[in-house]
Amino acid sequence: MSKDSKANWLQERKVSGRMIKSIASKLYHADSRRNITAIVAIALSAMLVVVAFSTIMSITTLTRRNQQMTFGSQAEGVYMYCPSVYWPELLRESGYFDDVTYAVYMGTYETDMAQEGGNYFLYTDERTAGWNFNEVTEGRWPQRDGEIVVDERFVENHDGNVHVGDVIPIKLIMAAQEVEQDVVVCGICTANDALDEARIYVSEEFFVRDYSGFRLETYCRFENGKYTDEDLAGILNEVLSREYEARGLVYQKWEPLTAINPAAGDKLSAGTMALLSGLITLTIICAGLMVYTIYYISTVKNVVQYGQLKLIGVTEKQIRSIVRCHAFRQYVTGLPIGCLTGVIFGHVLMPVMASYSGLSGKQTLMLKPEYFLYAAALSFIVVYIGTNKPMRILSQTPPIHTVGFTDSRKEKISRVHSVRFTPGRFARKNIRKRKKKAALVVTSVSLVMLVFVITMNIIHSLNVEALIAHFNLFADIEIAADQVLRFMDTGGTGNVEKIPGEIRAELEKVSGDMETIYHYNLYAFSFLYDEDAEKYCDIVLDNADYQEGLEEDSAVREKLIPRAMAYRENGKPILVQQSYRFYEYNQISDFEVFEGEIDKEKYESGEYVLAVAMDGYGNTCYHAGDVVRLYEEFTEKLDTTQDGNGRYISYDSLRTKEYTVLAVVSDTYHNQMAWGDKHTSGFEYILPIQLMDSFWEEPELFMVTMNAPDADTLARVEVEVRACLERMGGEDIVSIRSKATYKEGIERLAAEIGLIGNGLAILVGVMALVNFLNSTVSGIAERKEEFSTLQAIGMMKRLLIKILRLENLYTVLWAVIPGFLIGQLVSAAAISKASEILPYFKWNGTVFPGILLAVVIILIAMIYPNRRTDIGNCRL
Amino acid sequence: MAIIEVQGLTKSYQDGEVKNEIFRNIDLCIEDEKFAAIIGKSGSGKSTLLNILSGLDSADAGEVIVGGKKIHLMKDKELSAYRSKDIGFVFQSFHLIPVLSVWENIILPIQFAGMSVDVKYVEELMEMLEITEKRNALPATLSGGQQQRVAIARALANKPFLVFADEPTGNLDTETGNKVFELLVNGIRRYHQTLVMVTHDMDIAKHADIVVKMEELKNMKRGYNEQGQ
C-alpha cells in the first residue's frame, strides 16, 4: 500500500467510524422501549450481583464473628480447662503451631456496684486479649501490680462512671485467698457480647505474685484447616508423653477438651458458594433472556431499516458496530444504576437478614471493589448473551430483504396436508414452528412452578407441635434464668440459677388462673463408698444402656468414667452431685414409674423419696425399698480432707436422714435430661414440698412453670406475666419462654421460608413473565404478515385471538404440569430425607397452592398478552 | 464503451418442489452515460435483473461485469463497497432512514464509504432536486415526491458512475412522478452518469436511450444462435 493510499484508507476509516457513531446515536434514541428494558435488565443483574455478594459476604462475616464471639477467641484452636500452666509452654516448644498463648481465669471480683455473677478477673497478654475480643480502646495494658484493664461491660455495670486513671476499691476473690485493694484503671477494652462476663485483666506482676487460677485456656494459631479437634488432642498427648518420658515418668493418656474455631476458616462454605453461584446463574440467565427478547423484538421491527443501511453500502461489521454501540450505551447506563441500587438495597437488606438470622454485632455491609467488578463482568455477560444473536441476525440480513423481493423468507412446504382446520391444530402447528421460543418460555415458567411448589410443601410439612417439643417446652409458660432456659432449649445441662423471692410474690399475683408449679432445687455433693460406690460403678461402667447414653456426651463421660475406674482400681471414693427437688403430690403423680408406686400418703409423710432414674430406661443405683441417706445440712465450702480410710471427714460429719425410696421415676423434664439425652450425671431425689423448710439451707427457686386451662386465659396471663417480669427487672434477672412465643417464632420461620422461596419464585416469575410477554409480542410482530393474510382471507379477529390463546395455553400447560409434578416429587424426596434428621419435618404435601398458581399462570397467559397486542389491526 | 456486460445470466426460485425459472441464459450490454429502461410484464424478472446488477441478489449462473468489475464473484465486503462507492439506487418505496434528517440521509452513503463529503456538490444536488429547504426535516414530514427526491439525491451523492432505479415513480401520482423523473434524468445527464431504470410507464421509457424489453431479452436464445439455426 502506497503512502498516499494508506493515508486515504486511514482517513476513510476515521470518517466511517465517526459516521457509525453518529448513526448509532440516532438509531439508539429511536428505540426507547428497547433501551429502557435492556437498561432495566442490566441494572437488575448488576444490582443482584452487588446485593448477592455484599449481603452474603457480610452475613457470612457477621456469622463468623458471632461464632468467634461465642467461641471466645479468634485463634484457630483452643485447649480448654488446661490443668497445668506448663501445657502452653510445651505446646509452644513443640513446633506444631505458629503461635501459642494462654489466658488464666484467676478468680472473681466484687466492687461496690458489681457483686453479681460473671465478674471474672484474668491474666493474659494484650495480644491474646485482642484475639479474645478484648481490644484495648483506651489507655494501655496493665504493667504493674495495682493496675487493671476493665472491659466495656464492667464500665456499663458501673453506670459508665469508670475512666482511665480512676482508682477503684475492689475485692479479688481467688481459690486460696481474697485480696482487697485499690486498683488503678489503666485501660478500657471492648467486651465480648456473646459471653455473659464483665472482665478485668491484671498485670503479669500480680499474676506471678499471686499465681492461682481455676481455668486456663490455651490458644493456638495455625494455618486454617491444618488440624482437627482430634489432631489437637493427639498433639497434646504426643507432647506430654515426650515430656514424661524425658523426665522418666509413666505417661497416662489425657482426654483434653479441644476445639477448632468454627469461624477460623475464611473460605465460603460449599452451601454458600452454591447459593451464590445459583443466584448469579439465575440472574444472568433471566436478565440475559430479558435483553435477548427485547433485542429480538427490536430486530424484527427494525430489520428493514438495517437492510436499508446495507443497501447503501453499510457492511456487516459496521452494523455490528452500531448494535454494539447501543449495547454499550445501555451497559454504561444500567451498570452504575444497578450498582447504586445494589448498594442501597444491600444496606436495607443487611440488617433485616442479620435480624432474621439472629446475628448480633455491628452490621456493616461489606462493599469491596471486586464486587463491582464482578457486577460489571457479569452484566457484560448478560449484554453479550442478550445482544449477540440479534446482532448477528441484523448484520447478516441480506439487503434484498428491504426490497422485499426474495424467496429466502418463504417457508419451505415439504408436504401439503389435507387435514381439517381446527384452532387447536393450528395453534399446535404454530408452537412446533417456534420450538426454541416455546422451550424458553416452558423452562422459565416451569422453574417458577417448581420453586413455588417446593416452598409451599416445605412450609406445609413443618410440624409446629413437633418443633416445639424439640425445645423441651413442657409447660405453656416457663420462667427461669436465661442460662437455664437456654440449656433446656439446646438439650444441655448446667447449674440452676436462683429466681429472687420477690419475683415469686409478684408472679403469684398475676397467675391466679394458671396451674403454676414453683420448682425448688438444692444441690449437694456426696462421696460414695463401698456398696453405694459398687452400685454406681455397675451403672457407669457396666450398664450398656447408660453407656450408650454417655456416648453422646463426651464431657460428662470423661468425668464419670475415670471416677468409677479410680474406685475400682484403688478404692478412691466417688464424688457425685446430688439434687433435691421439692414438689406437691399432684405435681408428680403423673410421672412415669419404673419401680414401686407413688402412694400419696407415704409421699407426703416425709419418710419417703422418689429416686429419679439415671437414664430413660429406668436404670438406677437406688431401687424401690432401698434406704438412702440425704443431708439435712450443708457445708459452705467443699473441704476434701480425708481420714486414714480415705473418707471425707467434713462430709461424713454432716447430719443426714434416712429415707426409703418409694419409687423410681422418670422425670425427663425436671432432671434436665433434655430431648435426645439418655442419661444424667448425678443423683436426683424428689421430696414433698413441706420438707423444704426443715432443711438447714434454703432450697433455691429456679423455675416457675404455668399451664393454662384455655387459650384465652393463656393469652391474657402471658401478657400480665411478661409485664410483671419487665417491672421486676426484665431479662437481666429472669427470662420467660412460652409455647405461644415459640409457635409465633416457628410461624415466623415458616413465613421466612415462604418469603425466601416465594421471593425467589416471584423473581424468577417476573423474569419468566417478561420473557413470556416479550416472546408473545415478538411472535406477533414477526407474524404480522401471516395474521394480515389470515384476516384478509376471511379469518375473524376473534378466531385469530382464539388461536393465539390456545398457543399460549398449550405452551404454559407444557410448563406448569411438569413443573408441578417435578416440584411434588422433589419436595417429597427432600422432605422425607430431611425428616430422618429433623423430626419436625414430616412429608405433608399440598396440591392446592400449586394448582392455584397454575390457574393464575394460565389465565395471565391466555388473557394478558392477547389484550396487549393489537393483532386485529394487522394489514397487508 | 459498455458499462454493464451480462452474459448467460440465469435466475430461478424454488417454491416447494416446484422450480420457477425467471430467466435463463440472457445477455445484456449497456453503454456508458446512457439511460436504459427495462420494461416488461409483472413477473417477467425486471426487478430481479436490476437487483442482480446492483449486487443485491445473486444469479444461479452467468457473468455480470459492471464498470469492469465482476459482480458475480464479489464477496459481501466487496459488494458493500461496490454499493456505497460505485452505484446509486433509487427504490419505489424510497427507503429513507426515518431517524435521520434529509441532509444526513443524503450524505450517509458517502460517510459509510469513508469518503469526505463534497458539501458544495451535495448542496448543488439538493438545489437541483428542490429540497434545500427540507435539509433538516425528517423523512416522515415529507411528501412522497419530496422523499423520492431525497432518495435520488442520496443515490447521486457519492458520485456513482451508475444509478439503478426500480420504478422510482411507482408510488407517486403522475404529475409528481413526471417531475421526479425529470429531475433524475437531468441529474444523471448533468453528472454524466448511467441510469438503469425498471418501469412500467411507457411514456418514461420513451425518453430512454436504450429500451430493454424483458420478453425480447429472454427470447434471444443464446443456444439457438450458437447452434447456427
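What is the mean pLDDT of chain A, and what share of its residues reach 70 or more? In this predicted model, the mean is 80, and 86% of the residues of chain A reach 70 or more.

**View 1. Confidence along chain A, from strand 5 to helix 25.** Strand 5 (residues 147-151) of chain A has the highest confidence in the chain, at a mean of 94, while helix 25 (residues 784-792) of chain A has the lowest, at 64. Two stretches call for care when you zoom in. Residues 405-419 of chain A have pLDDT below 50, with 13 contacts in the model beyond near neighbours in sequence. Residues 670-677 of chain A also stay under 50, and here the model has 20 contacts beyond four places in sequence. Where pLDDT is low, the predicted coordinates should not be read in detail.

**View 2. The largest nonpolar core and Ile42(A).** This core holds 151 residues, and the members that touch the most others are Ile42(A), Val445(A), Met449(A) and Ile38(B). The core lies between domain 1 (27-73 + 266-412) and domain 3 (419-474 + 738-876) of chain A, because both give residues to it. Beyond four places in sequence, the contacts of Ile42(A) include Ala287(A), Tyr331(A), Leu335(A), Val382(A) and Val383(A). A second, separate core has 62 residues, among them Leu550(A), Tyr583(A), Ala611(A) and Val665(A).

View 3. Ser461(A) belongs to helix 13 (residues 435-461) of chain A. Is Ser461(A) buried or exposed? Ser461(A) counts as buried because it has 21 C-beta neighbours inside 10 Å. For Trp843(A), the C-alpha atom is 5.2 Å from that of Ser461(A), although the two residues are 382 apart along the chain.

**View 4. Helix 3 of chain B, a mostly covered element.** Eleven of the eleven residues in helix 3 (residues 102-112) of chain B are buried. Among them are Trp103(B), Glu104(B), Asn105(B), Gln111(B) and Phe112(B). Just after the helix, look for Gly114(B), which takes a positive phi of about 80 degrees.

**View 5. An open, parallel sheet in chain B.** Five strands line up in the order 6-7-8-3-9. At the edges, strand 6 (87-90) and strand 9 (210-213) of chain B each pair on one side only. From one strand to the next, the twist averages 15 degrees. Strand 6 of chain B joins strand 7 (residues 162-166) of chain B in the parallel sense over four bridges. Val90(B) has Ala165(B), in strand 7 of chain B, as its bridge partner.

Key:
Residues numbered from 1 in each chain as written. Chains lettered and ligands numbered in written order. Predicted model: local features only at pLDDT ≥ 70, side-chain atom pairs only at ≥ 80, totals over all residues. Core = buried A, V, L, I, M, F, W, Y, C linked by C-beta atoms within 7 Å. Buried ≥ 20, exposed ≤ 12 C-beta atoms within 10 Å, placed from the backbone. Domains from an automatic or database assignment. Contact = placed C-beta atoms within 7 Å. pLDDT = per-residue confidence, 0-100. Helix = DSSP H or I, 4+ residues; strand = E, 2+ residues; numbered from the N terminus. Pairing = 2+ DSSP bridges. Axes fitted to C-alpha atoms, helices over the stretch in contact; angles between N-to-C directions.
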